[in-house]
Amino acid sequence: MKTPFLCALYSGSRGNAVLIRAGGATILVDAGRSARALCTALTEVGSSIGEIDAIFLTHEHTDHTGALEVLLRRHPIPVHITEPSAPRLMAVPEIAACAVIHPPLYEAKIGALALRSFPVSHDSACCVGFRIASPEGEIGYATDAGYLADSLREGLMGCSTVVLECNHDPEMLMTGRYPPDLKRRIASRRGHLSNPDCAFLAGELAQAGMRRLLLAHLSEENNTPDLAYCELAAVLGHRLAENGGDITLRIAEQNAPVLLCGGDCQ
């Protein structure tokens, strides 16, 4: 069965960028870190910046936009962003020249890809996730999610391929070295999604047809891949492919590309 190509180029507090190829179109969701890091990661997965048809931003924070200024000087790619998030970026001429500004809830078509935004709770001017319809199936994307809002569930429910934040282990966060105000911010309803919340939602999504899941935006300070995996495995259990089941689970990395699916992968 043919699936979309979906690869996290890198994901975490230092930068986020996910490459999606489906329906004859190639897009990036977010473009954090640096132009050099982004182009290097694209080369590592057999792509290039010249193949990108559009960039869709979830919100304006630097870890999702840091590559844009330098990148767009040489590669003027359309950058889709919501109106509330735009002012912080419009001060950069290179971004302003490429910006396609939308209301928070919008739809866009790139080739045979049809994207629809949905609200996500985060401490930015505006943060959205994406539901992406393609001939290879529906893709759901949500990071910087804060909590299990109804809009988050509705945006992802029924998608066969999902990218979902799995940011922190609550105990590591509370006992870690972060100052109290930062701990409260991360754990708040406008912060980041915890491992238990991610696992709970993943269980619901699995019942609704999810078959491929990429855990994204893991904290280097307050999480580990093993903790995130164990939390998900406790819910998905026998459904995981490594246990003979029908769900592929991958964990995005801070500094290296991670392929969830592509071409003929299941």
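These are my notebook entries on a predicted model of a single chain.

**Overall build**

I started with the secondary structure and found 10 helices and 14 strands in the chain. Next I looked up the radius of gyration: it is 17 Å, close to the 18 Å that the globule rule gives for 266 residues, so the chain is as compact as a globular protein of that length. Along the principal axes, the C-alpha trace spans about 50 × 45 × 35 Å.

Then I checked burial. Of the 266 residues, 55% are buried.

**The seven-stranded sheet**

What is the strand order in the open sheet of seven strands? I read it as S7-S8-S9-S10-S11-S12-S13, and the pairing is mixed. At the edges sit S7 (107-110) and S13 (248-251), each pairing on one side only. From one strand to the next, the twist averages 20 degrees.

I zoomed in on S11 (residues 161-165) and S12 (residues 212-216). They pair in the parallel sense, over five bridges. Within this pairing I noted Glu165, which stands opposite Ala216 in S12.

Two helices came up while I was there. H9 (residues 195-207) lies across S11 and S12 and runs at about 165 degrees to S11. H10 (residues 225-236) packs on the sheet too, touching S12 and S13, and its direction makes about 155 degrees with that of S13.

**Aromatic pairs**

How many aromatic pairs are there? I got two. One is Phe56 with Phe130, edge-to-face, at 5.9 Å centre to centre and with 75 degrees between the planes. Phe56 lies in S4 (residues 54-56) and Phe130 in S9 (residues 128-133), so this pair ties together parts 74 residues apart in sequence. Is Phe56 buried or exposed? Its relative accessibility is 0%, so I put Phe56 down as buried. Phe130 is also at 0% relative accessibility and counts as buried.

The other pair is Tyr106 with Phe130, again edge-to-face: 6.4 Å centre to centre, 75 degrees between the planes. Tyr106 lies in the loop between S6 (99-102) and S7, while Phe130 is in S9, so the pair links parts that are 24 residues apart in sequence. Both Tyr106 and Phe130 are buried.

Terms used: Residues numbered from 1 in each chain as written. Predicted model: local features only at pLDDT ≥ 70, side-chain atom pairs only at ≥ 80, totals over all residues. Heavy atoms only, no water. Pairing = 2+ DSSP bridges. Helix = DSSP H or I, 4+ residues; strand = E, 2+ residues; numbered from the N terminus. Axes fitted to C-alpha atoms, helices over the stretch in contact; angles between N-to-C directions. Contact = heavy atoms within 4.5 Å. Rg over C-alpha atoms; globule rule 2.2 N^0.38 Å. Buried < 20%, exposed > 50% of the residue type's maximum accessible area, 1.4 Å probe, protein only. Phe/Tyr/Trp six-rings, centres within 6.5 Å; stacked < 30°, edge-to-face > 60°.
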